[in-house]
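Here is a short briefing for a reader new to this structure.

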Amino acid sequence: MSQKTHIPFVVYLLGLTIFALTTAELAGMMPSLAAALNVSVGEIGYLISLYALGMAVGGPVLTALLLALRVPNKPALLWLLVLYVAGAVLAALATTYGVMAAGRVVMGVASSACFGVSLTICAGLVAPEARGRAASFVLTGLMLAPVFGVPATALIEQHYGWRASFWAVAVLSVLCTAVVAWRVPASKDQ
């Protein structure tokens, strides 16, 4: 497959994937979660910190493990997306604070590792001179999630409850996983 200077459609799909992974913010649903899990709003705030801790610590460790095991990029991204979906489902089903916390940590770890793998895949799809532009399209998902995704999940929470919000993120992530499986090419070294 020859390198192209234009941006292939799959790069935009990777941006959608990053959008899906960064849409699961709790800010709009903290009071409902506090009531449902029988904890204070402050304790719900810790769930945001646990997600961030998973991203900051667990994501790089998981990425290093994938590199050490020499897992090719596409299968690595698929496994990470499956892990993220599992965390989102765990959060959607949570009946206790501990289960919700576990789901949030898993989501944070998986999303962090997905960023690097998505950017690596993106870089392999375009010519070297187009890599910066392609990476900006992938990271656009990160920038658009707080503007469109988080308000959408807050709206879902207001009308259908916090579980529906987590289920919506899980379903969007499953769709992204299917699209990645279908459209992202295997790297040349696989």
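Which residues form a nonpolar patch on the surface? The patch is made of L53, V57 and V61, which together have about 270 Å² of accessible area. This is a predicted model, in which local features need pLDDT of at least 70, side-chain atom pairs count only at pLDDT 80 or more, and totals for chains, interfaces and linings use all residues. Residues are numbered from 1 along each chain as its sequence is written, and side-chain values use heavy atoms, with hydrogens and water left out.

**Surface patch**
- Nonpolar patch members (Val, Leu, Ile, Met, Phe, Trp, Tyr) have over 30% relative accessible area and no salt bridge, and their side chains are joined within 5 Å.
- A salt bridge here is a side-chain nitrogen of Lys or Arg within 4 Å of a carboxyl oxygen of Asp or Glu.
- Areas come from the Shrake-Rupley method with a 1.4 Å probe, and for residues only the protein chains shown count as cover.

- Buried means under 20% relative accessible area, exposed over 50%, and partly exposed in between (1.4 Å probe, protein chains only).
- Leaving aside neighbours within four places in sequence, Y84 is in contact (heavy atoms within 4.5 Å) with residues including Y51, M107 and V169.

**Burial**
- V57 is partly exposed, with a relative accessible area of 47%.
- W162 is buried at 8%, and F166 is buried at 2%.

Conventions:
Patch = residues over 30% accessible without salt bridge, like charges linked within 9 Å, V, L, I, M, F, W, Y side chains within 5 Å.
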